[in-house]
Amino acid sequence: EAIECYDKAIELEPNKPWYWYIKGFVLCLLERYEEAIECYDKAIELEPNKPRYWYIKGFILRFLGRYEEAIECYDKAIELNPNKPWYWYIKDFVLCFLRRYREAIKCYDKAIELNPNKPWYWYIKGFLLCLLERYEEAIECYDKAIELNPNKLWYWYIKGSLLRLLERYEEAIECYDKAIKLEPNEPIYWNNKGVVLEKLGRYEEAEKCYQKARELGYKFGYK
């Protein structure tokens, strides 16, 4: 019924881009994505300098797996409003799907420049740096994420796992201890702390951690 109303509004005022935009949104809710894209194309034709229209079209294209087209739309939205961190952030998602990690990091750099107090941006940048084996830089990003949100246990856990990979075991234990303090009933934190303690030859402490992990339901072996 809503679409019928917008069809009537468009019939009366076909050059009103907002009507096409909202009709496209309703079509998305109905999972009629190709028709929605046609509506956004019409809105863009009528008002090509509206970044929101490009962004939403890109979002649908991304959902449909048409990643290169989605990037073109995000680039246009960014061109029209380069100071919107969300546009940089969402473009990064598409670049990640395409495994274009270096380009994705540049998007996060821009998003961070525009909104440096968003811990999630630092966390994801750190993750991408790990994929490129740039571990020290990744740790710096996790440190920043933790500084901004020290109660996000996942940041501590991931940093601890990275330090473990780098054989910086004492520092890894500190991170796992922090994660355990925030969520003492998560067995994987206890298990991974046990692994690090075992690496250090602290076998009795390691066994206590493994035992705690088993009590909490950990079933995948010690390591």
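Throughout these legends, buried means under 20% relative accessible area, exposed means over 50%, and partly exposed lies in between, with a 1.4 Å probe and protein chains only. The model is predicted, so that local features need pLDDT of at least 70 and side-chain atom pairs count only at pLDDT 80 or more, while totals for chains, interfaces and linings use all residues. Residues are numbered from 1 along each chain as its sequence is written, and side-chain values use heavy atoms, with hydrogens and water left out.

**View 1. Glu 167, in the loop between helices H10 and H11.** With a relative accessible area of 57%, Glu 167 is exposed. Although Glu 167 is not a glycine, its phi is positive, at about 65 degrees. The loop that holds Glu 167 runs between helix H10 (153–165) and helix H11 (169–182); helices here are DSSP runs of H or I with at least four residues, strands are runs of E with at least two, and both are numbered from the N terminus.

**View 2. Helix H10 and the helices that cover it.** The end C-alpha atoms of H10 are 19 Å apart, which agrees with the 18 Å that its 13 residues should span at 1.5 Å a residue, the expected span being 1.5 Å times one less than the number of residues. The buried residues of H10 are Tyr 155, Trp 156, Tyr 157, Ile 158, Lys 159, Gly 160, Leu 162 and Leu 163, and what covers them includes helix H8 (119–131), helix H9 (135–148), H11 and H12. Among the contacts of Tyr 142, leaving aside neighbours within four places in sequence, are Ile 158, Lys 159 and Leu 162, where contact means heavy atoms within 4.5 Å.

**View 3. The packing of H11 against H12.** Helix H12 covers residues 187–199, and H11 packs with it at an angle of about 160 degrees, with the two axes 9 Å apart. That makes H11 roughly antiparallel to H12. The contact is made by residues including Tyr 169, Ile 173 and Tyr 176 of H11 and Tyr 189, Trp 190 and Leu 197 of H12. Axes are lines fitted to C-alpha atoms, for helices over the stretch in contact, and angles run from 0 to 180 degrees between N-to-C directions; those under 35 degrees count as roughly parallel, over 145 as roughly antiparallel, 65 to 115 as roughly perpendicular and the rest as oblique.

**View 4. Lys 57 in helix H4.** Lys 57 has its place in H4, which covers residues 51–63, and it is buried, with a relative accessible area of 14%. Not counting residues up to four places away in sequence, Lys 57 touches Ile 37, Tyr 40, Asp 41, Ile 44 and Cys 73.

**View 5. Helix H2, residues 17–29.** Because 10 of its 13 residues are buried, H2 is largely enclosed by the rest of the structure. Among the buried residues of H2 are Trp 20, Tyr 21, Ile 22 and Lys 23. Just after H2, Glu 31 takes a positive phi of about 60 degrees.

**View 6. Arg 99, between helices H6 and H7.** Arg 99 is found in the loop between helix H6 (85–97) and helix H7 (101–114). The phi of Arg 99 is positive, near 60 degrees, in a residue other than glycine, and at 66% relative accessibility Arg 99 counts as exposed.
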